[in-house]
Amino acid sequence: MKKLVQLFAIGLILITITACSPTLHSMGAAALPSPVVHRATSDSAVSGVELAVSGFWAHNGDADNIKDMNAGGGNFSATYRLGKVFFVNAAVGGFGGSLKFSCDEDADCNDIVTFTNREKEKTYSINGSDDYNDWLRTSEGQKSYSFMNFQERILVGIDANLGKYVILGVAGGIQAYQGGSDYDEIREELGDLGYIDNSDAKNGIAPTSAWWIGVRFGKNGKFGNFTIEFDDVYKGTIGDWVGARKYTYAHPTGFFLGVTEGDLISLGVFAGKQFVF
């Protein structure tokens, strides 16, 4: 009986020690969905201005401690090209929708504690609970909450053509966001209670980077180009950084469409038009 009491006491201590504190982000901290759009042909070296407008739809099934997220929005970007390689890009956009709070398995929110009783050479698992999980079971925790965010991004980099068929580039800059919604208010309240790690305030700014590789179809890209872009936003500690991958096809007429996947936005689709001046 004494050993049984000791076993449960150890289990309760471990549950207390390993109680999770899941991280929740502002939706504005997601990588801005607008892709970097490239020159229509590989032989152009003219300095000039390019404008692009795009719309997108975003979804997150159950990841990043949110679920059933559906949103829509749009972006506008302006690119100034300095000769054949260097460029400066500024993009602004906004999106809004609704989501539910959740808790990922990899956040250990189920508090399943495993330990070994060496005397009996057996391993035990105990199911626990925490305040956040208890809140998720309430009517408030099962509701859908609205959100709305605006985003701004500035990038400076190089967008090079390797021969007539390969696109390669890298850029760095900053991304900012502003938000205010039911989701942000509840997230703030849960953070104040200590139920979650409220990673982001309603407004924020952070360094960001992007790099991409692509291929042109036909000589100098007369049938368009396809690129894969990797974006990262370095806000907070390394465990709080978020990223995205964008797969984009662009036609020489300026129309482009693609798919994005990553943190906070598990799946997104976008389409737009580029105008060259």
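**Aromatic contacts and charges over rings**

In this predicted model, the charged end of Lys 273 sits over the ring of Phe 275, with 4.5 Å to the ring centre. There's another case with an arginine: Arg 81 lies over the face of Phe 87, 5.8 Å from the centre of that ring.

**Phe 101 and Tyr 183**

- Phe 101 and Tyr 183 make a tilted pair, with 5.3 Å centre to centre and 40 degrees between the planes.
- This pair ties together distant parts of the chain: Phe 101 belongs to strand β4 (residues 86–101) and Tyr 183 to helix α3 (residues 182–193), 82 residues apart.
- Phe 101 counts as buried because its relative accessibility is 2%, under the 20% cut-off.
- Tyr 183 is buried too, at 1% relative accessibility.

**Trp 211 and Phe 230**

- Trp 211 and Phe 230 are stacked, at 4.5 Å between centres and 15 degrees between planes.
- Here, too, distant parts of the chain are linked: Trp 211 sits in strand β10 (residues 203–216) and Phe 230 in strand β11 (residues 225–233), 19 residues apart.
- Trp 211 is partly exposed, with 41% relative accessible area.
- Phe 230 also counts as partly exposed, at 25% relative accessibility.

**The cluster**

- Phe 101 and Tyr 183 turn up again in one aromatic cluster, together with Tyr 132, Trp 135 and Tyr 145.

Conventions: Residues are numbered from 1 along each chain as its sequence is written. This is a predicted model: local features need pLDDT of at least 70, side-chain atom pairs count only at pLDDT 80 or more; totals for chains, interfaces and linings use all residues. Side-chain values use heavy atoms; hydrogens and water are left out. Rings of Phe, Tyr and Trp (its six-membered ring) pair if their centres lie within 6.5 Å; planes under 30 degrees apart count as stacked, over 60 as edge-to-face and the rest as tilted. Helices (H or I, at least four residues) and strands (E, at least two) are DSSP runs, numbered from the N terminus. Buried means under 20% relative accessible area, exposed over 50%, partly exposed in between (1.4 Å probe, protein chains only). A charge sits over a ring if NZ of Lys or CZ of Arg is within 6 Å of the ring centre and within 35 degrees of the ring normal.
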